[in-house]
Structures are given as C-alpha cells and as structure tokens.
Amino acid sequence: MNTNRFFLLNHFPSDINFKYPWRPYQERVLRELQDHLNDDHLHVIAPPGSGKTVLGLEVMLRLNKPTLILAPTIAIRNQWVHRFCELFLQTMSPPEWISNDIRNPKLITVATYQGIHAAASGTKIIEDELLELEADEEQESSGSKSEIDNLISSFKKIGLGTIVIDEAHHLKNAWWKTLIKFKSKLKPTIVGLTATPPYDVTYSEWNRYLELNGPVDTEIAVPELIREGDLCPHQDYVYLSSPSSKELELIKSHRHKIDLLRQELINDEKILADITNSPLFLEPEQHLSSIYDNMKYYSSILIYLNHKKVVLHGEHVKITGNQLKDLPKLNDEWLETFLDYYINVFEPIDEATIKHQKSVAKRIRQTGAIEWGKINLSNDSSLEKVLTSSLNKLSSICDITAFESKQLGASLRQVVLSDYIRAEYLSEEVAMNKMGVIPIFETLRRQFGAEIKLGVLTGSLVLIPAISLPEVLRIAGQHDIDEINFEPLAYDADYLLLKQNDKVRHHLVHIITQVFESGNINILVGTKSLLGEGWDAPSINSLILASYVGSFVLSNQMRGRAIRTQRGNKSKTSNIWHLACYDPTHDFGGRDIAILNRRFRGFLGISEREERTIENGLNRLLLPYKYNKEKAEMSNQRMMQSAAEREKLTQQWKEAITNGTHLVEEIKVPFEEQVEYKRQKQLYLNKTIKYVLVELGLGISAYTLEFVDNLPRFRGFLKTVQGRWTLFYTFLGGLAVFFGRSLFKSLRVYIKYRDIAKDLESISHAMLKTLVDVGQIHTDRSKLKILTTVNDHGEVFCHLEGGTTYEKSLFIESMQAIVGPVLNPRYIMIRKNWWAFIKQRDYHAVPDHLAKHKDVVMKLASNWRKFVGDCDYIYTRNSEGRALLLKARFNSLASEFQETSERTSRWK
C-alpha cells in the first residue's frame with residue numbers, strides 16, 4: 001500500500017485493516033458498535049493491556065471521517081501514531097495525512113490535551129515529555145475568542161467527524177471547556193476511552209465527564225483479560241502501620257482539642273438560651289415556611305435541645321411526626337449542622353448574641369475545625385497528612401521489600417512509586433523525616449546495602465547501582481548514545497548519579513526501564529507522575545504504592561503498571577501493596593483507611609473471603625473491623641501469608657473466572673453489624689434482620705430451662721395455686737427484666753424492616769417495570785431479569801441481567817435512590833403495610849429522573865402497588881409535602897442503618 005500518496009482528506013483508503021485477529025472482548029465491542037453509536041458517543045472502559053488503542057483506531061476507520069485523537073502525554077500521543085502505522089498500515093513511516101500539529105489538521109490529527117488547549121488559548125505548547133509529566137499545576141490561559149474560533153474553523157474545513165479521547169479521565173476544567181466548544185460547534189462523534197473513570201470526583205465533575213464522553217456504553221472487565229492471557233493474575237494487599245510517637249502525639253492533641261471544643265459548645269449556656277428564647281422554638285407553627293425550607297437545620301435544633309433535655313412541646317412533635325425517643329442522637333454531623341445554623345443562619349436577638357456568634361466562629365476556626373468554609377468536627381481531614389505521609393510507612397516499605405526479596409530472589413522486579421523527589425535528603429547525615437523518592441531510596445539503601453540492586457528514576461534525578469553501569473552503557477549504545485556522564489554518590493561509591501543532557505534525557509526513561517527489565521536493577525523507586533501512566537515495564541511483579549497525593553484515577557493507573565503480562569513468562573503474577581497508617585484513636589481506622597476504602601471501589605480483584613469471588617471494594621481483603629496494634633499485626637501476617645502463595649493465586653483466578661461470565665454492577669445493602677453477623681453465622685436464615693429474633697429466642701429458651709432446673713428449690717410454692725401463680729409471675733418478670741428491651745427492639749426493627757432481601761426484590765421489580773413503561777429502558781422486558789442474593793456476611797445484592805450497560809447503570813442508580821436515605825426529593829413514596837395488626841409506614845425518595853413529571857410518578861406508584869404493596873406518593877414542594885418530607889427524613893428505612901447502600905461490581 002502506498003501510504004504516502006495524497007488523496008481526499010475526508011475518508012480512509014478501503015484497504016486498511018488490522019493485521020491480527022480481534023480478541024473476544026474487542027470483537028464484542030465492535031459487534032455492538034452501531035447500538036452504542038445511536039447517540040453519537042462511544043464510551044468504553046477498559047483496563048491497561050486490553051488494546052484500547054487498536055480498538056479506538058478500528059472505530060475511527062469504521063466511522064471513516066477525518067479524526068482528531070487526543071492523548072494525555074506526548075509519549076501516548078506518539079504511541080497512537082506508531083500503533084496505527086505498525087498494526088494497520090504495516091509500515092514504520094507515517095503517511096503525510098497524519099499530523100501531530102494541532103494548528104495544521106489533516107485526515108488524522110494526533111495531539112495532547114495540553115496542546116489543543118494551548119492552541120485554542122494562544123499559549124506555548126510544551127513538547128518536553130519529562131517537563132510535561134512532572135508539571136504539577138494546570139495553567140489557565142487568557143487567549144482570545146478568535147484563537148479558538150480559528151482552530152475550530154480549520155477543523156471544520158477538513159470535515160472533522162470523529163474525536164477520540166484517550167484516557168478521558170484526564171480532562172481538567174480548562175481543557176474540558178475547550179473540548180466542549182469543539183463538540184458544540186463541530187458536532188462530531190465522540191469516542192471516549194479510559195481505564196479509570198473518575199469515580200471519586202464530585203457529582204458535578206462526574207456530570208461534566210459524562211457531558212463530553214456520554215454515558216458508559218460498555219466495559220471490558222479485568223477477568224476477561226486474565227482469561228485471555230492479556231493480564232496476569234494479581235492481588236491487592238494492604239500493609240498497615242501505626243503512627244510514630246510524634247505523629248500520635250499530634251493526633252491525640254488534635255482529638256483532645258476537638259473534644260474540649262465539642263463539650264464547650266454543647267454546654268454553652270448562651271447558645272442554649274438564644275435558641276430556647278427564639279421565636280422558632282417558642283412558636284414553631286408561626287414559622288412553618290422557614291422550617292420546611294431549612295429542614296436539616298430545624299432537625300438539628302430539636303436533636304440538640306433533646307440532648308440538652310429541654311422539654312419539646314407538642315407543636316414540635318406534631319411538625320416532625322416523631323416521638324422524642326425516636327430523635328437521633330446528637331452526633332458530630334448533627335452538631336456541625338446545628339452550629340452552622342447558629343453562626344450563619346440564626347437571627348440574633350441583640351448585640352450580645354451577635355458578639356457571641358462571632359466568638360463561637362472564632363473558637364471553631366482557631367481549633368482547626370473548619371475545612372473549605374464548613375465546620376468539620378468528625379471528618380479528620382486535618383489529620384489526613386499526618387496519616388497519609390506517616391514515616392512508619394518507610395518501615396512498611398522495608399518489611400515488604402525484605403519479604404518479596406526472600407520470596408522471589410533474583411527474579412524480583414519491584415517498583416515503589418511516591419509523590420515527591422525530595423532531593424535534599426540525598427545525604428548520609430540527614431534523618432528521614434518526610435516521605436518521598438529519595439527518603440525511600442535512602443531507607444532501603446541503609447537497611448539492605450548490597451543485598452538488593454536499587455535504582456531511582458525521576459525526571460530530574462537518576463541513580464543506578466555501580467554494578468549496573470555496563471548494562472546501562474550497552475543499552476545506551478543501542479539508542480545511538482556514545483557517552484553517558486556520571487559521578488559516584490559522594491557518600492556511597494556503590495551508586496552512581498547519572499548526569500543528563502539534551503541528547504540523553506529523552507532516552508533515559510527507556511534505557512533505565514530496559515536495565516530494570518534485564519534484572520540489573522531489581523528495585524526501582526520513582527515518581528508517580530513519570531512512571532504512573534503510560535510507562536511500560538511488563539516484568540514488574542511487585543508494586544508498592546507509596547503515593548498519597550492524587551485521585552482514584554491515578555492510583556488505578558499506577559496499579560495498572562504491574563498487571564500486564566510478560567512475554568515468555570506465562571507464570572507471572574503480581575502483588576500490589578497499598579500502605580495505610582491507621583489512627584489508633586479512631587475505632588474504624590481514621591482518614592487513611594477511609595481514603596483507601598473509597599479508592600478500592602474501583603479496584604477489582606480476588607476476594608479473600610471463603611467464596612473467593614471477583615469483586616471490588618476493600619471488604620474483599622477482610623481488614624480488621626476495628627483497628628489496634630494486635631489486629632494490625634495479625635492482618636499484616638495474613639497479607640504476607642497470602643502474598644507468598646503466588647501459584648495458589650493463579651488457581652484462584654482460574655476458578656473464580658470459571659464461576660462467572662461477565663462483570664455485573666449491583667446495588668449492595670450492607671448488614672448493620674457485619675462482625676455480629678459473622679459471629680452468628682450458624683443461625684443464618686438467608687435473612688438480614690430475623691436472626692436477631694432467633695438469637696433472642698435461644699436466649700429465652702436458655703433462661704426458661706435454667707428456671708425449670710431451679711424449680712425443685714421452690715417446692716413450697718408449687719403446693720398452692722397462689723404459689724404457682726407467684727412463680728409464673730416471677731418467670732414473666734424475669735423475662736421482662738432480662739429480655740424485654742431486647743424483645744421490643746428486635747420486634748420493632750423486624751416489624752419495620754422484615755426481610756430486606758425480599759423487599760429489595762419487590763421494589764426492584766416495580767422500579768424496572770416503571771423504567772420500561774416510561775421508555776427510559778428500551779430493551780424488551782422479556783429479555784430482562786432481576787437477581788437478588790444474600791451472602792454469608794449479611795450483605796444483600798441486587799442487579800439487572802440483560803439490557804445495555806447504560807440501562808443497567810440507570811437501574812442501579814434508581815434503586816440506590818429509592819432505598820437510600822430520604823434527602824430532598826421532589827416526590828416521596830410512602831409504603832403502607834400491616835403486620836400483626838400493627839401499622840407500618842416506610843418512606844422512599846422517588847429518583848430525580850423519574851420525579852420530573854407527575855404521570856411518571858403515578859406509573860411508579862401503580863407498579864409499586866402491584867409488586868410491593870399499598871402506597872401513596874406525595875409532592876414535597878408545597879407546605880403539606882414539606883411537612884411530610886420532614887417526617888420522612890426522620891423515619892426513612894435507610895436512616896437506621898449505619899451504612900447506606902452502595903454500587904459494587906462482581907464477576908458472575
């Protein structure tokens with residue numbers, strides 16, 4: 001094929017074809033392509049190694065229009081051109097109709113996000129890969145409107161029809177604005193490709209992401225790639241550490257200050273007097289409009305006053321529909337809301353109150369309990385840096401390195417990724433008191449010496465073991481580099497510091513990578529920005545993520561470096577180590593654990609539970625429910641024991657993959673007390689609430705047997721009728737004393753909630769029927785199936801089989817809204833039930849996308865009556881509805897569960 005001949009710039013030659021057979025999962029996406037393109041968007045999620053690039057190129061060819069390809073870095077930009085030439089044109093020389101100059105578009109134009117934004121705003125385009133990769137700040141521009149209009153005009157002239165967005169999660173705000181202008185003016189088909197959708201961003205950021213890329217059409221799952229041999233078996237492990245003594249003092253000091261502040265504010269007599277003398281408290285019925293417009297504030301006032309044992313008169317009970325005993329406890333969240341009301345909303349009665357409001361705000365601010373302008377007593381964000389950058393993580397890295405080195409010996413290929421270089425620590429005299437590349441290097445060098453071959457690779461600093469120099473020079477020669485300048489490390493001649501010049505710097509990453517691949521360096525420490533994405537070293541079999549800055553997206557990209565297969569090594573497995581410093585002053589581990597928990601929602605892997613499923617979430621690793629030194633050490637020992645069983649890991653993946661066929665997105669309702677559920681597993685009845693009654697019944701049975709056993713001691717009472725009645729009443733009194741409260745609580749919860757699995761299934765059928773009836777799900781109802789299950793941990797799962805990826809996602813989103821806490825919906829669904837002559841009412845929020853039109857809500861209510869039971873629906877934007885909304889927020893089913901429902905993914 002003469003690829004350099006000039007031809008019309010609006011279509012591709014008909015003889016361009018991919019040179020290899022398509023993998024099954026790629027073929028599936030291409031087979032369903034026309035369905036996905038109905039909305040002029042194709043949005044594909046696919047892990048590293050799945051062939052996203054060739055998939056995007058094939059879609060470009062099938063659309064057969066001039067195309068703009070956008071990539072996050074110069075290296076990835078060049079990779080697109082290289083792959084197209086090698087795999088489709090079967091030549092190494094790019095034809096003249098491919099351009100990487102955004103200002104000179106051709107049939108295919110390949111650019112970076114920075115490049116198109118710079119061209120549209122009149123700023124300089126960075127063409128230095130290392131500078132680009134290690135730039136931390138996004139520069140806003142002040143280009144004129146004409147510059148972006150000229151750019152759009154140049155693409156309009158060539159008839160641009162397709163924009164391929166590679167690693168679509170990279171879009172920062174300024175870049176997104178530029179692309180949205182392109183999209184609105186040119187109306188192209190958007191092909192969005194990413195390994196890591198930004199699941200952990202805000203709701204508005206997620207909507208912005210979808211506005212450009214469209215809803216997710218399809219996902220290529222990790223198990224599919226492992227089954228086909230395109231990714232290696234791998235497992236995530238969490239290595240726990242505790243804070244250093246200095247860090248612990250900082251944590252305890254902060255906690256102590258917050259505790260004092262909390263008690264001081266709760267016991268502040270001036271605040272109490274101001275609230276109890278306010279018209280809102282004294283005459284609530286005269287302020288209903290204000291109450292209904294600020295329901296969370298009003299609720300927090302009542303909860304605060306109830307905590308202070310202030311008598312709440314009947315009007316408040318009437319407004320909330322709540323008995324005082326049912327009011328929630330005054331936790332930090334409610335106290336934060338109440339204090340926000342007092343400082344920012346409460347209308348002062350006199351100058352003294354104004355002065356006191358300012359004084360309270362000042363006390364909170366001085367204690368460090370304000371974050372982003374909001375009062376924050378419970379979020380522990382001020383402790384985040386102490387925990388995430390804890391120096392004891394350096395010891396964790398040493399422990400893991402010693403373990404992996406012992407397990408793998410010379411075959412170890414370990415990478416440690418961190419955030420900052422911290423070159424000032426390159427000294428034998430300096431104590432390591434910060435996390436970073438050089439502190440990690442120095443810690444490992446000092447502990448292991450010549451036992452390991454340790455290197456450093458960053459954009460500005462490269463260190464190699466002296467014994468690796470011959471291999472470095474040999475590989476440099478292959479890149480036509482005759483000389484590399486270096487000098488021994490001043491305090492350790494066993495290490496060399498490589499000097500960079502313009503000729504060397506562009507090849508250095510590839511040279512050191514090849515040295516690492518060959519084993520002449522077997523532990524490489526680098527920055528997440530340089531090695532976290534786009535970098536390819538298939539031999540990695542151990543990865544330590546010592547990075548604490550960045551999002552879930554970056555964490556998953558770094559993780560993706562380790563799970564690629566290695567040619568010639570079919571037995572390769574990878575261990576991915578996540579470092580976490582638990583907070584011993586926090587029952588559930590604190591901020592570092594919370595961050596890890598959020599990020600693990602996007603990490604799919606083998607569960608350490610008995611059933612060995614493939615699922616996401618941190619629960620699959622069975623970390624401690626509560627954290628202390630003993631539990632942390634036991635967890636680390638268990639992690640290492642599991643990490644040592646690499647052959648077993650391969651078998652576990654094979655078995656788990658065989659047990660399923662595809663990745664399923666589900667809604668999960670966690671059990672309130674998972675530890676208690678596990679302890680009572682022998683009583684398991686495939687129920688979530690009923691086991692409480694069973695436990696209670698066994699307790700009563702044991703009490704009865706004990707009572708009967710002691711009857712001979714009361715022979716005198718048994719001889720008379722009055723005595724027998726006395727014993728009977730004594731028996732009932734004992735029941736009331738020992739089990740009355742438990743019985744009442746268990747019955748109340750059971751009557752209210754009954755069997756959540758059954759309820760979830762009924763509600764899901766009503767929801768699915770509604771979504772089909774109103775045309776939000778287009779797949780024929782006969783091809784759709786709802787599956788609801790309960791596992792051995794009391795977790796209830798529900799998902800939709802059949803339908804498109806978008807329809808499944810819409811169903812899960814709808815279910816999550818209707819079984820979650822009632823916040824501020826447009827309509828509320830009130831479920832009415834009777835149980836043993838006791839009236840039961842539950843409140844559910846109608847999902848926003850169904851609540852826009854009353855006739856759709858009526859359809860939901862009709863289907864609800866058919867599948868679930870009697871119900872009413874209430875519009876909440878009038879006075880009657882707002883009154884009911886306040887009651888609903890106090891009484892919604894989800895409010896009594898410590899954990900709300902969440903979206904999960906499992907291989908089934």
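# Helix exercises on a predicted model

Residues are numbered from 1 along each chain as its sequence is written, and side-chain values use heavy atoms, with hydrogens and water left out.

**Exercise 1. Work out which residues of α21 are buried, and what span its 12 residues should have.**

Step 1: Find the helix. α21 covers residues 437-448; helices here are DSSP runs (H or I, at least four residues), strands are E runs of at least two, and both are numbered from the N terminus.

Step 2: List the buried residues. They are Val437, Ile438, Pro439, Ile440, Phe441, Glu442, Thr443, Leu444, Arg445 and Phe448.

Step 3: Check the length. The expected span is 1.5 Å times one less than the number of residues. For α21 that gives 16 Å, and the end C-alpha atoms are 16 Å apart, which agrees.

Step 4: Look just past the end. Gly449 follows α21 and has a positive phi, near 55°.

**Exercise 2. Describe how α22 and α23 cross, and which residues meet.**

Step 1: Get the geometry. The axes of α22 (residues 469-478) and α23 (residues 502-518) come within 9 Å and cross at roughly 130°. Axes are lines fitted to C-alpha atoms, for helices over the stretch in contact, with angles from 0 to 180 degrees between N-to-C directions.

Step 2: Name the angle. That makes α22 oblique to α23; under 35 degrees would be roughly parallel, over 145 roughly antiparallel, 65 to 115 roughly perpendicular, and the rest is oblique.

Step 3: Assign the hand. The α22 and α23 crossing is right-handed, meaning that the near helix is turned clockwise from the far one by less than a right angle, with anticlockwise being left-handed.

Step 4: Find the contacts (heavy atoms within 4.5 Å). From α22, Glu471, Val472, Ile475, Ala476 and Gln478 meet Ile511, Gln514, Val515 and Ser518 of α23. By class, this contact has 5 nonpolar, 3 polar and 1 charged residues. Ala, Val, Leu, Ile, Met, Phe, Trp, Tyr, Cys and Pro count as nonpolar, Asp, Glu, Lys and Arg as charged, and the others, Gly among them, as polar.

**Exercise 3. Do likewise for α12 and α15.**

Step 1: α12 (residues 269-276) and α15 (residues 295-307) have axes that come within 12 Å and cross at roughly 120°.

Step 2: The two helices are therefore oblique to each other, and their crossing is left-handed.

Step 3: Ile271, Leu272, Ile275 and Thr276 in α12 meet Ile301, Tyr304 and Leu305 in α15. That contact splits into 6 nonpolar, 1 polar and no charged residues.

Key
This is a predicted model: local features need pLDDT of at least 70, side-chain atom pairs count only at pLDDT 80 or more; totals for chains, interfaces and linings use all residues. Buried means under 20% relative accessible area, exposed over 50%, partly exposed in between (1.4 Å probe, protein chains only).
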